[in-house]
Every structure is written in structure tokens, then in C-alpha cells.
Amino acid sequence: MATKHLMRLDLIFKNERDTADILKKVMTKSNNDIINELISSGLKGRGGAGFPTGLKWKLTADEVSDEKYIICNADEGEPGTFKDREILVRVPDKVWTGMAACAKIIGAKEGFIYLRGEYDFLKKELLKSIDEFHLLLDELNFPFRINIFSGSGAYICGEESALFESMQGDRGEPRNKPPFPTQKGYRNKPTVINNVETLAHTYSIFKYGVDIFRDLGVQDSRGSKVFSVSGDTPIPGIYELEFGMTLQRFVEDFGDGDAKAVQVGGASGFCVPRKKFEKTIIGYQGKLTGTSLPTGGSMMIFNSSRSMYNVLHNYLEFFVEESCGQCTPCRVGTQQLLLGIEKVKRGELPSGYLDKLLDLAETMRITAKCGLGQSVANSFSSIVENFKEEMIY
Amino acid sequence: MTTKVNCKIDNISVSVEQGTTILEAAKKINIKVPTLCYHEDLCVAGNCRVCIVEQVGTDRLLPSCATPVAEGMEIITNSLRVRNARKRIIELLISEHNADCTKCFKNTKCELQSLASEYIFNDEGFINLVPYKNYKEVHLSPSISKDDSKCIRCQRCVRTCSELQDISALTVAYKGANMKISTFFEKPMYEVVCTNCGQCVNRCPTGALVERSYIDQVWDAIYDSKKHVVVQTAPAVRIALGESFGLPPGAIVTGQMVAALKRLGFDSVLDTDFSADLTIMEEGAELLNRLRMSLKENDTTVRFPMATSCSPGWVKFMEHAYPEYLDNLSSAKSPQQMFGALAKTYYARKRNIDPKNIVSVSVMPCTAKKYEANRPEMHASGYKDVDYVVTTRELAMMIKQAGIDFLALPEDDYDSLMGESSGAGVIFGATGGVMEAALRTVYELVTGREVPFEHLNILPVRGMESVKEASIVINNPLPEWDFLDGVELKTCVAHGLSNAKMIMEKVKRGEVNYHFIEVMACPGGCIGGGGQPIPTNYVIRKKRTDAIYSEDEGKPIRKSHENPEIKMVYDDFLKEPLGHKSHKLLHTHYTPRNRY
Amino acid sequence: MSDVKQIVHNLTNQYGKSVESLLPILQNIMEINHVITEEAMIEVARELDISAAEVFGTATFYSFLNTSKPYGKYIIRVCKTITCMMHGKNQIIEEIELMLKIKPGETTHDRLFTLLETNCLGQCHQGPAMLINDTPYTQLTPSKVRDIINSYLVLEVSNY
């Protein structure tokens with residue numbers, strides 16, 4: 001994989017005030033043209049899972065149903081991620097435009113933003129922006145409405161099927177898949193559910209065309225990505241960067257000169273130690289192979305003053321609380337991992353117990369019902385394997 | 001038209017209908033995949049993860065209960081990866097479970113225990129989480145005991161309570177490590193809308209939900225020489241008890257059961273079927289009385305449809321959910337309570353025993369009967385009419401405790417006085433049975449002729465359909481009933497409380513005009529009761545039902561009003577249905593209850 | 001009709017009687033009463049025609065919905081997730097404890113403040129962070145948090 005140099009971009013946050021024009025342009029295009037544009041742009045879901053957006057829209061469009069929905073997932077709960085909030089504050093129109101385009105293609109009359117409870121303070125401004133957008137839709141005679149649904153403090157509701165359950169008045173417990181949301185989503189109707197940033201990117205593609213987007217990034221990771229940078233950095237914040245950078249380049253730009261590890265992708269992501277910075281590339285391709293890491297955009301930098309035991313302990317406490325609790329590996333597994341590292345640290349269990357915990361994490365990865373339980377192993381294994389001494393002494 | 005899909009499971013090719021799960025496909029070719037949260041009667045949850053299997057070429061394992069077969073799939077149910085992962089998952093469940101197996105009611109009957117026995121677990125398991133859990137005390141109701149420390153959160157009970165019964169007294173509460181199965185605000189079971197039907201008990205894989213046991217109290221009574229202990233056995237016990245001794249579902253063991261009860265030391269072994277016949281006399285008379293008041297005397301306060309009241313789960317459901325319809329319930333007590341009231345009055349007098357020395361025990365396919373016996377109004381005899389209720393399962397335990405070789409027992413007969421019954425009393429055990437029994441008697445009382453069905457078998461009210469409707473037109477009645485001439489008697493039969501709710505909503509909306517409805521709280525009626533041998537599923541319930549009807553066919557007397565002991569109890573004691581004494585002993589009232 | 005009944009009745013009129021309204025209704029009760037009581041849940045269950053236990057099950061799933069003792073007028077939620085912890089969330093908690101004489105999970109006697117710890121608020125680049133009701137406060141220091149809480153106290157005094 002060719003390595004791209006880190007580059008700060010300004011596609012997403014450029015406030016262009018031409019929503020009406022772009023919307024009109026989109027509405028006059030054929031559905032096929034839009035889907036083809038999205039597919040050839042290489043845009044993939046920016047929530048972290050990386051499903052090709054154009055394909056998702058196409059699959060939902062192909063479903064036969066009298067009711068379909070487009071839902072914008074703004075339940076940004078992954079520790080270390082705050083980019084969606086920034087997008088909703090600065091360029092909400094782009095998100096609405098993406099939703100309207102999707103509605104046109106799949107045939108939805110109604111769309112929702114699932115806004116996490118922690119972001120309730122954004123609601124007033126968002127509603128105002130939506131009202132203005134509705135006027136644009138009316139001018140174009142396009143029958144589509146966007147509503148806001150507020151979350152109430154549950155990380156798991158960022159999982160798409162848990163989000164639907166939550167909207168339907170239930171506990172936010174992930175469903176079995178299949179069926180997938182494109183077949184049976186909200187109200188068991190075909191549903192497109194996209195991350196805030198993904199929808200905003202569609203705007204850039206509609207406006208600047210496929211090539212501008214495609215030329216950014218590498219191989220299977222096209223376009224730019226908004227990163228949430230936090231931790232031991234002199235310049236924490238939101239940055240739009242190109243895919244394909246090495247972690248080394250990233251740390252050189254953002255670290256405080258003493259970075260010993262970077263957590264890529266939040267608590268459910270991977271911890272990369274200093275010795276692997278050079279070999280690690282940020283992008284979708286080679287998912288889980290160890291040389292390239294997908295991410296929802298969270299980059300947490302830890303310098304050498306930090307105890308990686310404390311970091312892992314904090315993550316595990318988070319998972320123990322935020323697991324929905326329905327499936328065995330996740331509900332019980334997270335508790336065992338947390339208690340286990342505590343007991344090893346206190347010397348109540350031998351250090352060899354960590355191997356049993358690594359094995360448990362692997363079991364969770366291959367047997368848990370949803371992404372939460374499956375991805376606990378990411379941070380657990382990468383921290384325990386790379387910082388074993390810190391776990392014991 | 002159904003599409004077929006082909007796959008290979010453990011290298012064996014199998015072709016199944018589209019939508020079939022891997023688990024079902026494996027079962028078809030006799031490959032057993034272990035399960036815990038899966039239950040044939042319920043929707044798929046896919047949360048225990050015990051049934052995981054490997055798809056060749058796929059990184060993650062698949063829950064076989066929740067994954068439909070796809071064309072060309074290659075599945076391995078027992079690869080090393082699967083075995084190791086499954087072992088870990090069982091270990092996790094055990095770490096959260098109060099594995100005090102030798103002190104558990106479900107010892108040797110626990111699905112988690114038997115799953116664990118297939119793997120070797122040693123002391124190197126995970127950390128025992130039970131001490132960290134702050135499990136509350138065991139929640140008791142007169143019927144059901146709920147012990148959270150033994151719960152594995154499979155949610156079978158929650159799905160049972162919502163899908164089969166539409167009650168949702170149990171729910172999943174909190175999340176993460178604190179997630180638990182809970183009642184409303186974690187109140188005790190006896191305070192909430194729970195109808196005590198025990199369907200959750202039937203489906204709980206562990207000892208988390210079990211019946212409240214009265215075995216010890218019954219033994220104490222039996223061994224107390226001053227006490228005269230009478231026992232009654234419900235219709236559905238005799239066709240299910242055998243399952244606890246390895247017989248196939250539907251085996252009829254009436255004679256062995258009676259013999260076993262005598263060996264256990266009961267002083268008199270009598271039959272609830274007798275009082276089922278009595279129920280028909282009283283309930284039938286009540287129905288005719290309501291019809292007379294409504295049609296002849298134009299009394300507009302008479303409530304229709306009249307509803308049966310023998311299922312205590314259904315009665316409690318009405319008290320919680322439809323308090324404004326309590327007058328629709330027949331005031332006739334259930335057979336168990338009629339029996340209890342007579343045991344300490346009629347029976348005591350006839351046998352010349354001081355009722356205070358009588359201990360009245362009933363063996364029921366039901367957990368709700370335990371609650372019913374404990375209702376404060378059930379003291380018509382001046383004493384607690386039914387002292388202890390044990391389930392079919394508890395009776396099986398008592399027989400085993402006594403060292404009785406059940407299968408080798410010679411058949412014996414019920415004792416007399418309250419031991420004789422008609423086939424109509426027997427079919428009380430199946431959905432539609434009370435209706436059929438009532439129609440056999442009511443029609444004949446009114447017309448002087450037998451019901452116009454071949455061999456008295458009223459087939460339209462039989463079977464496992466969730467709701468059955470039937471009507472009979474009354475022609476040429478006896479002069480006393482001339483106001484019923486040409487009247488079409490409309491009836492409806494439902495089993496399972498979700499179906500009951502559906503019917504009641506229709507009644508509420510005025511969409512139906514039934515005269516008489518029969519509701520049994522449990523799927524299939526009492527044969528599927530919450531006190532019956534575990535497991536339960538559609539096939540088992542069907543076989544038990546068939547057995548009930550064959551027991552009926554074999555009876556020389558098939559109609560309640562022809563039971564000689566029934567005639568005798570009216571001649572010698574009660575005088576007439578709905579009479580003064582009947583009213584005092586055999587009828588009851590109901591209590592509106594809260595909504596949670 | 002009791003207050004709670006009236007509130008629930010108004011909310012079901014506003015949001016409709018389908019189960020989908022459950023979360024918005026509970027959120028509103030929470031906003032008005034700072035707790036969702038047994039009585040409120042029974043009323044909601046009655047209005048939506050669902051089981052009260054199901055309402056309890058949903059309510060206890062979401063950490064912003066309080067089903068125990070009533071919270072105070074101002075609910076302080078301090079983020080306890082990793083970067084806020086790294087940047088001194090403990091000192092912030094200590095400062096609030098000192099000022100209000102309550103520990104996390106507790107409410108002041110005058111029922112003005114409840115102190116809670118919460119998972120990631122999405123303010124990781126400007127931690128430590130907290131919410132007071134819906135309003136976020138970021139880049140907290142002990143002296144800054146003192147000023148913020150004082151401003152609420154001043155507001156209360158002036159409202160009094």
C-alpha cells in the first residue's frame with residue numbers, strides 16, 4: 001500500500017451556502033447516476049464499519065416496500081470521538097442534503113436523526129436548520145421530512161439495530177443479523193442508516209464530483225476523513241485528513257514528542273505501541289491484519305507518563321456499564337476481563353491468567369452478538385499484548 | 001411455493017426450505033447442537049451463544065438458532081474453535097450462576113448443569129462473580145419462587161410472559177453487568193400482575209424460576225397420625241405424570257398414579273374429575289339462569305358472554321386486566337376449590353371425621369392452583385378448603401423419594417364418595433374440554449336430547465387452534481325452556497392468555513356476541529399447565545391432548561349429570577345447583593387488582 | 001387527577017399513544033420531575049397500553065432516565081472516560097464534593113444539585129468536561145468549576 005503524506009483538507013467544513021443549488025442538482029439527476037457516483041467515489045461508512053455507502057443505498061432502493069427510512073446516526077458515543085458533533089454544528093445542511101438525496105433514491109418520506117442525549121444542547125439550532133431545509137424541499141416539491149429522535153445515555157444505541165429498537169420504544173438491544181437494516185430496519189422496513197460524516201461526504205461528492213473525492217486516500221480507502229484528536233497532544237481537536245497516512249506521520253504532527261501509544265478507533269479500536277507507528281496505516285483495507293486500521297476517526301495519544309493499565313481499566317469499566325447485557329460473551333466476558341486484570345495487578349492471580357483472558361477476549365470477538373462485544377477484544381488484546389509488564393507490575 | 005436451499009453440515013448434505021435455521025437443519029439430520037436460550041415455543045433470541053457453529057471460511061462463529069441456511073453454506077458444528085468457544089461460554093455462564101447444585105430444586109433437571117456435565121470443568125475457571133452480584137433474596141409468591149442468583153439471563157421466561165401470555169410481568173431491566181430479569185420495580189412476584197400460570201417455570205432452563213414447593217408440608221401431614229389426608233388429582237395429571245418416569249408423552253397412568261398415592265400414605269385418593277362434573281352442574285345452571293334472566297325476564301344487567309372460571313391464571317388475569325368484566329366470570333369455583341369445600345363438609349360428615357383433622361391436598365398440573373388455594377375467600381368450609389397444592393412434578397418427586405417403582409405398580413382405583421367421574425370431567429384437562437362438557441349437559445337439560453354430535457364428540461371446540469368458535473341452535477326445547485327455542489348458542493374457546501386478551505378486546509369493542517366463552521391460561525389447556533413435566537412443546541401437548549380424549553372415550557359415563565356420585569351429592573347434601581348450600585360452598589367472588 | 005397523571009396524560013396527547021412514544025415521554029417526565037416514579041410508569045403503561053414492567057425495563061436501560069431517588073434541579077454529570085480522566089476529572093469531582101458536600105450519586109439537601117459521573121460526553125479534546133442538565137462545560141479546572149456552580153447558586157438566590 002502506498003503511503004500518503006498527512007494532508008489537512010477542507011472539504012467537509014467549508015461552509016459553502018449553496019445547499020439549494022446542490023439539492024436542486026441532485027434532484028434532477030437519475031437515481032442510477034447518483035448511486036453510480038457514490039459507488040465509484042469509493043465512499044465508505046465513516047462510523048467505523050466501512051460499508052460502501054453507494055451499495056447500501058442501492059440495496060435499500062432495490063427492496064420493495066411501501067415504507068422506507070433514512071436515518072442519520074448521531075449517537076456518537078465512542079470514547080475519543082466528537083467529530084459528528086462538530087459537523088452538525090458547522091455544516092448541518094450538508095447532512096440534510098445527503099439524507100434528502102438518499103430519500104429520493106430509496107423512496108423514503110421520512111428521515112430521522114438519532115441524536116445522543118449528551119448532545120441535546122444542539123437540538124434547538126438543529127431544529128431551526130431543519131425547518132429552513134424543509135422550505136427548500138417544499139420549493140422543489142419534494143415530499144420529505146426530517147425529525148430528531150433523542151437518545152438517553154446508552155452507548156450501545158450507536159449500533160444500528162439497537163438504535164432502531166430504541167426508536168421503537170424498547171431497550172436498545174441489538175438484533176440478530178440477518179436480516180440487515182437494508183431489508184428490515186426501523187419499524188422492520190428497509191432502512192438506510194448512515195453516520196453523520198458519511199452523509200456530509202455525499203454532499204462533497206455531489207458538489208465536486210467523484211474524481212476529487214476518489215483522488216484522495218489510497219486503494220480501498222478513498223476520500224478524506226474527519227479525525228477526533230485527543231489525549232497527550234498540544235493541539236487536540238477536529239482535523240480533516242487524508243486516508244493512508246502512517247501513524248508515525250500522524251504522531252509527528254499531533255504528538256507531544258513523547259507518544260508511547262495511540263488508540264485508533266476509540267475504546268473499541270486498537271492500541272498501537274510506538275514501535276509499530278511506522279508500519280501502521282490508517283484506512284479500511286487489510287482490516288484487522290495489523291498493518292492497517294479502520295477507524296471512526298478517534299485518535300487518542302498517550303505519552304510515556306500514562307499507565308496503560310489505567311487506560312485499559314477505564315475502557316473495561318466503560319464496556320461493563322455500556323454492554324446491553326443480553327449476550328453471554330459480552331455481559332459476562334467484560335466483567336471477567338475487568339476483574340481479571342484487577343486481580344492480576346494486585347497479585348491475587350498469577351500473570352499467566354492474562355493468557356486465559358486473552359483467550360476469553362478472542363472468544364468474545366468471534367461469538368458476541370454485536371460489534372460492541374466483538375470489538376472489546378481489539379483494545380484488550382492490543383493493550384495486554386503490547387504492554388504486558390504494565391499489566392503485572 | 002417454497003424454495004429449497006442446500007448446505008453441508010458436518011459434511012452431510014441437507015436440503016431445507018428457505019428460512020430454515022442452521023439449528024433446524026442440523027436437527028433434521030440428527031446432529032444435536034446444544035442450546036440454552038432457544039425454545040421451540042418462543043421467538044429466537046440468539047443471546048446465550050451456546051449454539052454457535054463455524055461456517056467454513058468465516059472468521060466469526062454463527063449462532064445456529066438465529067442464522068438461516070444460505071445456499072452452499074458449509075457448517076461445522078463441532079470444530080475445535082467451536083468446542084473451545086462453547087466451553088468458554090458455558091464457563092462464563094457458570095461464573096455468574098450460583099452453582100450450589102446439590103441444594104437446588106432443579107438438581108439433575110437443570111439444562112445448564114447437564115450442559116456443563118458434557119464438558120470437564122475444573123478449578124481453573126473464571127472468577128466466581130456471584131459474591132460481587134448482590135443478589136436479592138429469593139422472591140416468593142404462593143406459586144412461584146424466583147432466585148436471581150441462578151438466572152442465566154436467557155430470557156425464555158420474559159419471552160414466555162410476553163409472547164405466549166401477553167402479560168409481561170417479567171421483563172429485562174437495567175443493562176450491562178447489572179442486567180437482570182425483573183418484575184415491575186423489582187417487586188415480589190405476589191405483588192405484580194403475574195397470573196402464576198407457571199409457563200415461565202416450564203421453560204426456565206435452571207432453578208431460577210421454580211414452583212414453590214409444598215412437598216415437606218404434605219409429608220408432615222401424611223406422617224401425622226391425627227390427620228386424615230385426602231388427595232385429589234386433576235384430569236391432566238394422569239396423562240403427563242408418566243413422562244417423569246420415562247414414559248412417552250400421552251401415556252395414561254391413572255391406575256398407577258392412584259396406586260402410588262395410596263402407597264405414599266394418603267388416607268383417601270379422590271378425583272378432581274368428580275368436582276369437574278360438579279362444576280359443570282353449577283356453571284351450566286348459571287349459564288341457563290343468565291339466559292333465562294336475559295331472554296325471558298329481559299333483565300339488561302345480565303352480563304354476556306359468561307366466562308369459565310376454572311383456570312386460576314385466567315381469573316387472576318381478568319382481575320388485573322379487565323376488572324370491569326369480573327361479573328362476566330362464572331361465580332362457580334374451580335373444581336379444585338369445589339372439591340376442597342366439600343372435603344371438609346360433605347365428605348367429613350359422610351365419613352364422620354372432624355373437618356379440623358382433615359388435610360386436603362391436591363395434585364395439579366398447575367402452579368396457579370397454589371395461589372388459588374391460598375386466596376382468603378377460599379375458606380367456605382370454615383377451614384382452609386385446600387391445604388396444599390403440589391404439581392405433577394412434585395408428585396413425581398414424592399414418588400421417587402418414597403422409593404416406589406412407579407412403572408411396576410399394579411393399577412388401582414379411586415376411593416369412593418368423590419372419586420367417580422364422567423368423561424366430561426376428564427376432558428377439563430384440554431382446551432375446549434370445559435365447553436364440550438358444559439354443552440353435553442346443558443343441551444340435554446334443555447332439550448331432553450343428547451347433543452347432536454356423533455359419539456358426543458363436539459369436534460369444533462377441540463384441537464390446538466388458538467381460538468375456536470362453535471354454535472348450537474336449540475330447537476324444540478322442553479317446555480320449561482321454551483324461551484330458548486331457536487336460539488343459537490354462541491361459544492368461543494381460547495387457550496393461552498395472549499389469545500384470551502384478543503378475545504376480551506373483541507368483547508370490549510362489541511365485535512362479538514358470544515354467550516359463553518371458555519378460557520384456559522395455559523397453551524393447550526391444563527395438559528400444558530405450569531406444573532406439568534418439563535420439557536413442553538407443541539408435539540408433547542398434542543399427545544397429552546389425544547390421551548385426554550381417549551380417556552374420555554373409554555369412560556362408561558360421558559356426561560356430568562349422569563355421574564352417580566354427583567346425583568348423590570345433590571340428593572344427600574347440596575339439594576340443587578345454585579341452591580343455598582351450593583351458593584355458600586361452591587361459588588365465589590372476584591377482586592379487582594392493580595395494573596402492574 | 002394527580003400531578004403525575006396530568007403530566008403523563010398531557011405527554012401522551014402530545015406524542016401519541018404508540019409504544020414509539022415511550023422514550024420521548026419518559027425523557028419529558030424526567031425533565032419535569034427529575035425522576036420517573038412507580039406512579040408515573042404505571043400511568044405511562046396505562047396510556048400506551050403496555051405492561052408496567054416493560055416501561056420499567058426500558059426506563060432502567062437508559063442512564064439519563066432516573067428511576068431511583070429524585071435528582072436535584074441541576075444534574076451535574078462529570079465525564080469519567082479516558083481523556084477527561086487523564087486531564088484531571090478526579091480533581092473536578094473533588095472540588096464539587098468539597099463545595100456541595102455530596103459524593104457522586106448523591107443530591108444536596110436543598111435538592112438543588114445531584115452529582116453523577118457519566119460516560120464519554122464527546123468533548124474529549126477539551127476535557128475535563130461536564131454537563132449541567134443539557135449545558136456542556138469544558139476545559140474545567142477546579143477554580144472554573146467553582147465559578148460555574150457559584151453562578152447557578154447566584155441564579156437561585158436571584159430567583160428566590
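## A helix wrapped up in chain A

Why is helix α3 of chain A largely enclosed by the rest of the structure? Let's count its residues in this predicted model. Helix α3 of chain A covers residues 53-62, and seven of these ten residues are buried, so the helix is largely enclosed by the rest of the structure. A residue counts as buried here if 20 or more other C-beta atoms lie within 10 Å of its own.

You can find the buried residues of α3(A) by name: A:T53, A:G54, A:K56, A:W57, A:K58, A:T60 and A:A61.

## The domains of chain B

Chain B is assigned four domains. Domain 1 takes residues 4-91 and domain 2 takes residues 96-211. Domain 3 is made of two stretches, 227-274 and 336-408, and domain 4 also has two, 286-332 and 421-586.

Look at domains 1 and 2 of chain B, whose C-alpha centres lie 25 Å apart. Where they meet, domain 1 of chain B provides 14 residues and domain 2 of chain B provides 18. On the domain 1 side, nine of the residues are nonpolar, two are polar and three are charged.

## A hairpin and a sheet in chain B

Start at the hairpin formed by β1 and β2 of chain B, with two residues between the strands. Strand β1(B) spans residues 4-9 and β2(B) spans residues 12-17; they pair antiparallel over six bridges. B:I9 faces B:I12 of β2(B), and in the turn B:D10 has a positive phi of about 50 degrees.

Further along chain B, four strands make an open sheet in the order β13-β18-β17-β16, with mixed pairing. Its edges are β13 (306-307) and β16 (467-473) of chain B, each of which pairs on one side only. Strands of a sheet pair through backbone hydrogen bonds, either parallel or antiparallel. Strand β16(B) and strand β17(B), residues 488-495, run antiparallel and are joined by seven bridges. Helix α15 of chain B, residues 497-508, lies across β16, β17 and β18 (516-520) of that chain, at about 145 degrees to β17(B).

## Getting to know chain C

Chain C has 160 residues, of which 47% count as buried. Its C-alpha trace spans about 50 × 35 × 25 Å along the principal axes. There are seven helices and four strands, and from the N terminus the order is α-α-α-α-β-α-α-β-β-β-α.

Chain C is divided into domain 1 (3-59) and domain 2 (74-159), and 29 Å separate their C-alpha centres. If you take the contacts in chain C between residues at least 6 apart in sequence, 61% of them join residues at least 24 apart.

## Where chain C meets its partners

How many residues of chain C are in contact with chain A? The count is 30 residues of chain C, against 38 residues of chain A. On the chain C side, α2 (22-33), α4 (52-59), α5 (82-86) and β4 (135-137) each supply at least two residues. Helix α5(C) gives the most, with four. This side of chain C divides into 15 nonpolar, 13 polar and two charged residues.

Chain C also touches chain B, in a contact that takes 14 residues from chain B and twelve from chain C. The chain B side has nine nonpolar, three polar and two charged residues.

Conventions
Residues are numbered from 1 along each chain as its sequence is written. Chains are lettered from A and ligands numbered from 1 in the order in which they are written. This is a predicted model: local features need pLDDT of at least 70, side-chain atom pairs count only at pLDDT 80 or more; totals for chains, interfaces and linings use all residues. Domain bounds come from an automatic or database domain assignment. Two residues are in contact if their C-beta atoms, placed from the backbone, lie within 7 Å. Ala, Val, Leu, Ile, Met, Phe, Trp, Tyr, Cys and Pro count as nonpolar, Asp, Glu, Lys and Arg as charged, and the others, Gly among them, as polar. Two strands pair if DSSP finds at least two bridges between them. Axes are lines fitted to C-alpha atoms, for helices over the stretch in contact, and angles run from 0 to 180 degrees between N-to-C directions. A residue is buried if 20 or more other C-beta atoms lie within 10 Å of its own, exposed if 12 or fewer, and partly exposed in between; C-beta atoms are placed from the backbone.
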